[in-house]
Amino acid sequence: LSQKITSGSIQTATGTAVDFTGIPSWAKKIIVILNGVSSNGSSYFLIRLGDSGGIEATSYISTLTAAFSTVSTSSDTTGFRICGGVAARSNYGLLQICLIGADNWIASGSFSDATNNYISAGSKTLSGTLDKIQLTTVNGTDTFDCGSINIIYQ
């Protein structure tokens, strides 16, 4: 990669979604970083990608493996399911999203809430060039109440 690593502006996790916009067209690798992010509900967290047409909420291939006292696996087509599912529990980790070609992005990451561990992976083909990323929840109504989020890209 010929571009320098660039950091976004750190944002406090509040509201029902946190958006990062203005990602340059040359970005081929984006890392989403969660630092102590929690919500007021039990809905899992999602990372969604977007282009000039807006944030896309369909056609993801996403699998999340969660290790509690047992191991469970869930899938999602509305975004990359990454962690969460327990109200007021702080989540830490990162999701790396890389362009494989033709607006097709591959994601992989790991997270922890100090009690449970999560491993996430998937893919998404956008309808255009990626220029935005969003953190939200599966139900779209839980409110983030703690922590911060940032992105780095190159």
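Searching the whole structure turns up four salt bridges, a salt bridge being a side-chain nitrogen of Lys or Arg within 4 Å of a carboxyl oxygen of Asp or Glu. The structure is a predicted model, in which local features need pLDDT of at least 70 and side-chain atom pairs count only at pLDDT 80 or more, while totals for chains, interfaces and linings use all residues. Residues are numbered from 1 along each chain as its sequence is written, and side-chain values use heavy atoms, with hydrogens and water left out.

One of these salt bridges joins the side chains of glutamate 56 and lysine 124, at 2.9 Å from N to O. This pair links distant parts of the chain, 68 residues apart: glutamate 56 sits in the loop between strand S6 (54-55) and strand S7 (61-67), and lysine 124 belongs to strand S12. Strands (E, at least two residues) are DSSP runs, numbered from the N terminus. Both glutamate 56 and lysine 124 are buried, where buried means under 20% relative accessible area, exposed over 50%, and partly exposed in between (1.4 Å probe, protein chains only).

A second example is the salt bridge between arginine 81 and aspartate 76, whose side chains meet at 2.8 Å, N to O. Arginine 81 counts as buried because its relative accessible area is 13%, and aspartate 76 is buried too, at 8%. Aspartate 131 and lysine 132 also form a side-chain salt bridge, with an N to O distance of 2.9 Å. Here aspartate 131 is partly exposed at 22% relative accessibility, whereas lysine 132, at 16%, is buried.

Attention now turns to the nonpolar interior. A nonpolar core is a set of buried Ala, Val, Leu, Ile, Met, Phe, Trp, Tyr and Cys residues joined through side-chain atoms within 4.5 Å. The largest such core has 32 residues, of which Ile30, Leu34, Ile47, Leu49, Ile82, Ile97 and Leu135 touch the most other members. Leaving aside neighbours within four places in sequence, isoleucine 82 is in contact (heavy atoms within 4.5 Å) with residues including Leu34, Ile47, Leu95, Phe111, Tyr118 and Leu135.

Leucine 95 itself is part of strand S10 (residues 91-101) and is buried, with 0% relative accessibility. Among the residues that leucine 95 touches, not counting those up to four places away in sequence, are Ile30, Val32, Ile47, Phe80, Ile82 and Ala107. Leucine 95 and alanine 121 lie 26 residues apart in sequence, and their C-alpha atoms are 8.6 Å apart in space.

Aspartate 113 is found in the loop between strand S11 (104-112) and strand S12 (117-125). Aspartate 113 is classed as buried because its relative accessible area is 4%. A polar atom of its side chain lies 2.6 Å from the backbone nitrogen of asparagine 116. The side chain of aspartate 113 also makes a polar contact with the side chain of tyrosine 118, at 3.2 Å; a polar contact is a pair of N or O atoms within 3.5 Å, and within protein one must be able to donate a hydrogen and the other to accept it, with residues adjacent in sequence counting only if both atoms are side-chain atoms. Not counting residues up to four places away in sequence, aspartate 113 touches Arg89, Ser90, Asn91 and Tyr118.

S3 runs antiparallel to strand S13 (residues 132-137), and four bridges join them; two strands pair if DSSP finds at least two bridges between them. In this pairing, aspartate 19 stands opposite glutamine 134 of S13.
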